[in-house]
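These are notes for a colleague who is meeting this structure for the first time. Please read them with the sequence and the coordinates at hand.

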Amino acid sequence: MAKPRSIFEEVAQKPERPVKQTGIIDRGRGGARGAIRVWLVVLFALVVAMIVVGGLTRLTDSGLSITEWRPVTGAMPPMNEADWQAEFDRYKQIDQWEIQNQWMQLADFKAIYWWEWGHRQLGRVVGLVWALGFIGFLVARRIPAGWNGRLLWLGVLGGAQGAIGWWMVSSGVTQGQGMISVASYRLAVHLGLAFAILGFIAWDIFLLGRGERDLMQARRAKEARLFGLSTGLLHLAFLQVLIGALVAGIDAGRSYTDWPLMGGQVLPPDPMMLEPAWRNLFENPGLVQFIHRIAGYLLAAFGVVVWLRGRRSAHVATRVAFNAMFAGLLVQIALGIFTVLYGAQLHIAITHQLMAVALFVLILRARFLAAYPVATSLKGSTG
């Protein structure tokens with residue numbers, strides 16, 4: 001039976017609303033998503049800094065100044081003049097000194113030494129930040145369900161990157177082989193892995209920015225065709241990064257400084273001057289720069305196709321992301337042309353490399369929103 005109401009009861013009184021209960025998906029699975037996301041943002045910034053400092057180290061021909069790999073004791077630079085002279089004497093034993101840098105005095109050597117030392121120390125900082133964060137969240141049991149492997153994978157890749165870094169440097173620390181720089185193939189592997197690490201971190205940051213329930217609902221609205229196109233664009237951009245590393249590895253960016261032609265013609269002179277012929281694809285400065293240009297044109301054309309498809313998305317955030325991606329692509333094309341015309345001057349070349357990072361992340365962001373679109377209400381507010 002219904003309970004009789006009091007005659008003094010407020011007619012307009014409304015019953016209390018029950019507290020909304022979260023589902024099983026949201027309860028006990030979140031972990032410290034916000035804190036982990038901040039930690040990953042710090043790692044992301046450090047990896048970007050590593051790419052920039054690595055690029056400056058290559059552009060200043062500083063990468064071979066430290067001829068040994070000392071993961072622990074190498075953290076300390078020379079502390080007195082005797083130590084500096086000993087380091088300089090070791091550098092004098094390699095081909096880069098014998099062929100290219102016999103003019104150097106100790107003060108000149110110190111300038112290139114600090115670039116390489118700084119690059120290696122920054123790598124140590126990245127490893128330390130990852131280790132402290134991962135172990136701290138693991139011990140506190142604040143890692144969301146299913147994320148242990150993801151976060152551990154970043155550390156594995158970081159450790160591999162350190163080993164590949166020395167594998168790259170060792171290719172140029174030679175005596176009597178005529179090497180005055182690192183092998184461009186190994187440089188491409190080193191830079192490619194850096195971009196891969198950056199991509200994994202960025203994707204995890206995107207995922208942690210949304211709740212599990214939101215992601216599950218968004219996955220049902222995935223724009224599969226747009227996701228596939230943006231995946232292809234991401235792979236093409238990654239390939240262009242690798243070709244750019246080959247260009248940097250053999251200073252091919254300074255071989256021809258006219259555009260759109262090369263030396264006044266479509267194909268550069270002597271495109272097949274090396275034997276065997278396949279070496280020209282990787283070691284002939286003119287042909288390597290030509291390949292980089294052609295890949296850039298293809299990236300631009302495909303980027304237009306993907307952008308036009310992205311503009312037709314039903315989701316506002318997705319359309320904005322693809323517009324931002326296309327704007328970044330246009331800026332990168334302009335920077336690439338300026339880099340050629342000005343002979344890969346230091347400040348322009350490093351800006352071009354930094355913009356490559358930005359474009360890569362913009363493509364990745366657009367791809368993420370194609371996979372996990374943000375729902376938009378009829379009034380235009382996001383849900």
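Predicted model: local features only at pLDDT ≥ 70, side-chain atom pairs only at ≥ 80, totals over all residues.

Leaving aside its neighbours within four places in sequence, with which residues is Ser 181 in contact?

1. Leaving aside neighbours within four places in sequence, Ser 181 is in contact with Arg 58, Leu 64, Ser 171, Gly 172 and Gly 249. Ser 181 itself is found in the loop between helix 5 and helix 6, and it counts as buried because its relative accessible area of 17% is under 20%.

2. Helix 5, residues 148–170, packs with helix 4, residues 106–139, at an angle of about 160°, and their axes are 10 Å apart. That angle makes helix 4 roughly antiparallel to helix 5, because angles over 145 degrees are counted in that way. The crossing of helix 4 and helix 5 is left-handed. From helix 4 the contact draws on Glu 116, Arg 120, Trp 130, Phe 134 and Leu 138, while helix 5 brings Asn 148, Leu 151, Leu 152, Leu 154, Gly 155, Trp 166 and Val 169. Sorted by class, the contact of helix 4 with helix 5 has 8 nonpolar, 2 polar and 2 charged residues.

3. Helix 4 also packs with helix 2, residues 81–91, here at an angle of about 80°, with the axes 10 Å apart. Helix 2 is therefore roughly perpendicular to helix 4. Glu 81, Trp 84, Gln 85, Glu 87, Phe 88 and Tyr 91 of helix 2 meet Leu 106, Phe 109, Lys 110, Ile 112, Tyr 113 and Trp 114 of helix 4. The residues of this contact divide into 8 nonpolar, 1 polar and 3 charged.

4. The largest nonpolar core has 89 residues, and those with the most contacts inside it are Trp 39, Leu 40 and Leu 151. Helix 6, residues 184–208, gives the most to this core, with 15 residues. Leaving aside neighbours within four places in sequence, Leu 151 is in contact with Ile 36, Trp 39, Leu 40, Trp 130, Phe 134 and Ile 143.

5. Ile 363 is found in helix 12, residues 346–371, and counts as buried at 3% relative accessibility. Apart from neighbours within four places in sequence, the residues in contact with Ile 363 are Ser 230, Leu 233, Leu 234, Ala 237 and Met 325. Ile 363 and Phe 302 are 61 residues apart in sequence, and their C-alpha atoms are 12 Å apart in space.

Key:
Residues numbered from 1 in each chain as written. Heavy atoms only, no water. Axes fitted to C-alpha atoms, helices over the stretch in contact; angles between N-to-C directions. Helix = DSSP H or I, 4+ residues; strand = E, 2+ residues; numbered from the N terminus. Parallel < 35°, antiparallel > 145°, perpendicular 65-115°, else oblique. Left-handed = near helix turned anticlockwise from the far one by under 90°. Contact = heavy atoms within 4.5 Å. Nonpolar A, V, L, I, M, F, W, Y, C, P; charged D, E, K, R; others polar. Core = buried A, V, L, I, M, F, W, Y, C linked by side-chain atoms within 4.5 Å. Buried < 20%, exposed > 50% of the residue type's maximum accessible area, 1.4 Å probe, protein only.
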